Amino acid sequence: MQSLKEKAKSIRLFILDVDGILTTGAIYHGSNGFEMRGFHIHDGLGIKLLQKAGITVAVISGKKSEPVEKRMRELNIQHAYLGHENKLPAYEELKQQLQLKDHEIAYMGDDLPDLPLLKRAGLSITVPGTPEVISQAVDFITKKKPGKGAVREVCDWLLEAQDRYQSVIQSYLV
């Protein structure tokens, strides 16, 4: 059986769910239809670090919203599939478009719509507090909570496993 670090070494694409991964899962609705979500700044920098190291970051979310679209633009995430309740076709399209195999893909999700991708991806990740069926299906559960740095934890771990962390950090010291 392949170790977690061995699995992490082949990752070239990191796909994220949004609600419950990049956010706490809370959605705030104002009386005028205004919708708001909170994203952790450390998660955003972790995504940028992966991009700098040549790892593609993508998002597949069941919900489509302007706050999420805006955050994807801010993070320069080129592959954002929003409003995809069935996530498997988006996953397969990404895999084909980027010419990758399942073992080169990491997926981070937190609930039942994510289960097919968690089972398919070469490295599957979730956060604390997910339903038991999810936590039993994954390779790795973060220590940090969703929307509170969990994505950054995974980004740093992936970079460390691929021996890229120091070179990415060095770029900030120059």
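**Reading strands, cores and buried residues**

Q: Which residue in β7 stands opposite Ala106?
A: Ala106 stands opposite Leu123 in β7; helices (H or I, at least four residues) and strands (E, at least two) are DSSP runs numbered from the N terminus. The model is predicted, so local features need pLDDT of at least 70 and side-chain atom pairs pLDDT 80 or more, while totals for chains, interfaces and linings use all residues. Residues are numbered from 1 along each chain as its sequence is written, and side-chain values use heavy atoms, without hydrogens or water.

Q: How many bridges join β6 to β7?
A: Strands of a sheet pair through backbone hydrogen bonds, either parallel or antiparallel. Here, three bridges join β6 to β7, and the two run parallel; pairing requires at least two bridges found by DSSP.

Q: In what order do the strands form the sheet?
A: The open sheet has six strands, ordered β5-β4-β1-β6-β7-β8, with parallel pairing. The edges are β5 (79-82) and β8 (140-141); each has a single partner strand, so one side of each lacks a neighbour in the sheet. Four bridges pair β1 (residues 13-16) with β6 (residues 105-108) in the parallel sense, and Ile15 has Tyr107 as its bridge partner in β6.

Q: Which strands does helix α7 touch?
A: Helix α7 (residues 150-161) packs on the sheet and touches β1, β6, β7 (123-126) and β8. Its direction makes about 170° with that of β1 (axes are lines fitted to C-alpha atoms, for helices over the stretch in contact; angles run from 0 to 180 degrees between N-to-C directions).

Q: How many residues of α7 are buried?
A: Buried means under 20% relative accessible area, exposed over 50%, partly exposed in between (1.4 Å probe, protein chains only). Ten of the twelve residues of α7 are buried, so the helix is largely enclosed by the rest of the structure. Among them are Arg152, Glu153 and Asp156.

Q: Which residues of the largest nonpolar core touch the most other members?
A: In soluble globular proteins, nonpolar side chains tend to be buried together. A nonpolar core is a set of buried Ala, Val, Leu, Ile, Met, Phe, Trp, Tyr and Cys residues joined through side-chain atoms within 4.5 Å. In the largest, with 34 residues, Phe14, Leu16, Met108 and Val151 touch the most other members. Elements giving two or more residues include β1, α2 (41-52) and α8 (165-173), and α7 gives the largest share, seven residues. A second, separate core has 17 residues, including Ile60 and Leu117.

Q: Is Ser124 buried or exposed?
A: Ser124, in strand β7, is buried at 2% relative accessible area. Ser124 and Thr126 point one way from β7, Leu123 and Ile125 the other, and all are buried. Leaving aside neighbours within four places in sequence, Ser124 is in contact (heavy atoms within 4.5 Å) with residues including Tyr107 and Phe140.

Q: Which side chain does a polar contact of 3.1 Å join to that of Lys95?
A: The partner is Asp102. A polar contact is a pair of N or O atoms within 3.5 Å; within protein, one must be able to donate a hydrogen and the other to accept it, and residues adjacent in sequence count only if both atoms are side-chain atoms. Lys95 lies in helix α4 (residues 88-97) and is buried, with a relative accessible area of 16%.
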